[in-house]
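Welcome! Take a moment to look it over before reading on.

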Amino acid sequence: MTNRQASIKWVNVYKDMTTKGIERSFLSKRQYTLAKDKYTSTDNDNFNALAIAIRDRLIERWINTQQRYHRENVKRVYYLSMEFLIGRLLGNNILNLGLWDKVKEAMYNLDLELETLREYEVDAGLGNGGLGRLAACFLDSMATLGIPATGYGIRYDYGIFNQKIVNGYQIEYPEEWLNRGNPWEFQRAEYTTKVRFYGHTQVFNGSDGKPRVKWINTEDVLAMPYDVPIAGYKNGIVNTLRLWSARATEEFDFKYFNSGDYEGAVYNKVFSENISKVLYPNDNMSQGKELRLKQEYFFTAASIADIIRRFKEDNSNFLNFPDKVAIQLNDTHPSIAIVELMRILIDEENLEWDVAWDIVTRTFAYTNHTVMPEALENWTIPTFETLLPRHMQIIYEINMRFLRDVSTRFPGDIDRLRQVSIIEESEPKKIRMAALAMIGSHSVNGVSEIHTDILKNHIFRDFYEVFPERFNNKTNGVTQRRWLQKANDRLSNLITEAIGDKWTTDLYKLENLLRFKKDSSFCGKWQEVKKENKKFLADYIYKSTGTIVTPESIFDVHIKRMHEYKRQLLFGLFIISQYLRIKRNPQEPFTPRTFIIGGKAAPGYFMAKLIIKFINSIADVINRDKGIGDKLRVVFMENYRVSLAEKIFPASELSEQISTAGTEASGTGCMKFMMNGALTIGTRDGANIEIAKEVGEDNIFTFGLTIDDIKKLISSGYGPQEYINRSPVLSEVIDLVRRNFFSPVNYDLFKPIVDNLLDGDPYFICADFDAYCAMQDRISDAYGNKRAWSEKSIINVAKSGKFSSDRTVKEYAKEIWNVPYHSSHGTTI
């Protein structure tokens, strides 16, 4: 065999997409990459061997994709986000390569099970909640639509934390997700870039005689990139997620070492690398706040440098920068990138201010993810100015020029100037990062229709009146390939048998299911799929918690980040009311329920952590009460994460979307439930409103106060005691909590919860309680008619097309980024 023949054979090993080819590749990786055989390999070794074999099949596609982008000098989208909640990648990559059945068969032929190996993959610790999961869905959709895109974030050594429930309390443990390595990443040391902090500025005259500014005497950190391939669905396209890891400029200082100061010798290394150590450091203390700001600047500065490097490879004129670069800011965290690009253009590229600012504003777009004014990020000027002195000067200049323009357009409107200023005149003064993002971007979008209306008419009304053309809505979406096709193979197979598989890239095709909604045979199969999914989850619940749940009960689910506005407390109070109902009249007909709750509370969030304990205490009482039988079960699923969510959504029947109206920007969990056939009980908040429009009011259970109702209550003076007095059930529930029924050993443990309800009830739980219970009674009645329930379930799945992230990303591409995309109908722009 010649060298060329051997080379071709070697390459074909990585191209071979047959079952036998996957077997050979797996065995080769296990032996020659991991130095293991079938006798010595562990399940984790076998997972890694398979992951590397699948990764190899991405690499040629990845290289070809990137070469084409470079060769054609395409406009690229750069998605900057502090979080990318990508979960596990093995199953996703197998699916997107179109290899699911072949890989499953290959593993079977080797006496292995694909599902067993998948369980050995650790969820990537790169995100916390909906913002990070949205970013991951967007990456999938951008690759599937053929959009030249790169995601930029931080390669955290530790995720937010692993949650353990001990005696009902949340206990946080380090999330060491990189402990066993990450088979999907590639270190790109050649693209390491330097990031600067501290120091001071110096004015000098440039070669043109004009004053210029230097940023000098800085403390520097290296940003080391790690790349993760992001495969499109069966289209040969592989985009990149680039994650930055902090490194010291010097590994070791011999001066300290030689003098016997061994800690000092490695201090700079440890201090520098803290930046990418952990997702969202506790910022209750000043050091934590500074570290959070360092994280934000670290990854945005590295990303901007990388974007400019790539631009310069194929372009020489910065005036063309916005024609080749679109940068999307995923919330306010990366908004310092606006100032960083401005700094480079005026200080290093020597562009005039107006020219540079025009480039900046045509390049950036900003997505807002919150309607909670207190959640809008800001930084105290003393902290910011110490860390980033040059950027502070540029922000002052941006603000001065902007306020001058606003005062010209709105003469004498001092209050407006105060509202739109980047600088908040507080003590100490603060920088409003959302204001910076809106001023420095050509597009500002909300993530649901109601959220965008709130931004325009309330939170950012003054900005909207200055920049009405910038504001637009892009309702969130999720990728159906992960959240339906992969997570729920039983349902996706049934759907594909009925209508074909075009729904995997065009979710609107699910509307073809509507013709089966009254088909008794199809409805029977639909019910059987849900039953099997519930059995699977029930088995998992028993193995992981020891709690026995009956699949014949309604699986009523509230899984999301723990926060008061998401009203897990309302859910808990309702559970108590059902317990009391059974205790009062054990013979009364009752629709059995399994209440499933999951979510993490921020380590410093006292009330959210107390609510976790409260729900676990409720579970302890109910699950131990033999008189309740199988009528009620309460399960708290610890350590909620993407891989756990993929087990829960397919089995869910009732989706709890009960946030206080006007507090949830969008929510994406509601969409995943909908795609998996669960019905929604929800307030008129976030994406619930748009779900109701799609499915019709008869196929969703809507209750509670509207935004206007809440405004009226606030203006008239809301008194929760009035609602408690009016509701015998709520009075009894609160009295039971107050009398320490759920905390018999630790008296007054839940007094802060009761006091919060009585003294103000900031999220209107008391006002919504009776309406919520009444709607739950309707749900119990509706569930009794299995045929009608299945019809509603089919309608929900059939009408979920709008909530694909493919649709959302197409809107971004066409209306904000101005880049082409590929769809099932061809190429459009």
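In the protein chain, residues 24 or more positions apart account for 75% of the contacts with a separation of 6 or more, where contact means heavy atoms within 4.5 Å. This is a predicted model, in which local features need pLDDT of at least 70 and side-chain atom pairs count only at pLDDT 80 or more, while totals for chains, interfaces and linings use all residues. Residues are numbered from 1 along each chain as its sequence is written, and side-chain values use heavy atoms, with hydrogens and water left out.

**The chain as a whole**

- The protein chain holds 35 helices and 25 strands, which are DSSP runs numbered from the N terminus (helices: H or I, at least four residues; strands: E, at least two).
- The radius of gyration of the protein chain, taken over C-alpha atoms, is 28 Å, which agrees with the value near 28 Å for a compact globule with 829 residues (the globule rule is 2.2 Å times the number of residues to the power 0.38).
- Along its principal axes, the C-alpha trace of the protein chain spans about 90 × 85 × 65 Å.

- Of the 829 residues of the protein chain, 59% count as buried (buried is under 20% relative accessible area, exposed over 50%, partly exposed in between, with a 1.4 Å probe and protein chains only).
- The accessible surface of the protein chain comes to about 33400 Å², and 49% of it belongs to carbon and sulfur atoms (by the Shrake-Rupley method with a 1.4 Å probe; for residues, only the protein chains shown count as cover).

**A look at Asp123**

- You will find Asp123 in the loop between α6 (114-118) and α7 (130-144).
- Asp123 is buried, because its relative accessible area is 8%.
- The side chain of Asp123 makes polar contacts with the side chains of Arg88 (3.2 Å) and Ser643 (2.6 Å); a polar contact is a pair of N or O atoms within 3.5 Å, and within protein one must be able to donate a hydrogen and the other to accept it, with residues adjacent in sequence counting only if both atoms are side-chain atoms.
- Not counting residues up to four places away in sequence, Asp123 touches several residues, including Glu175, Trp177 and Arg641.

**A look at Arg242**

- Strand β10 (residues 238-248) contains Arg242.
- Arg242 counts as buried because its relative accessibility is 5%.
- Polar contacts join the side chain of Arg242 to those of Asp227 (2.7 Å) and Asp306 (2.9 Å).
- Leaving aside neighbours within four places in sequence, Arg242 is also in contact with other residues, among them Thr150, Tyr191 and Arg309.
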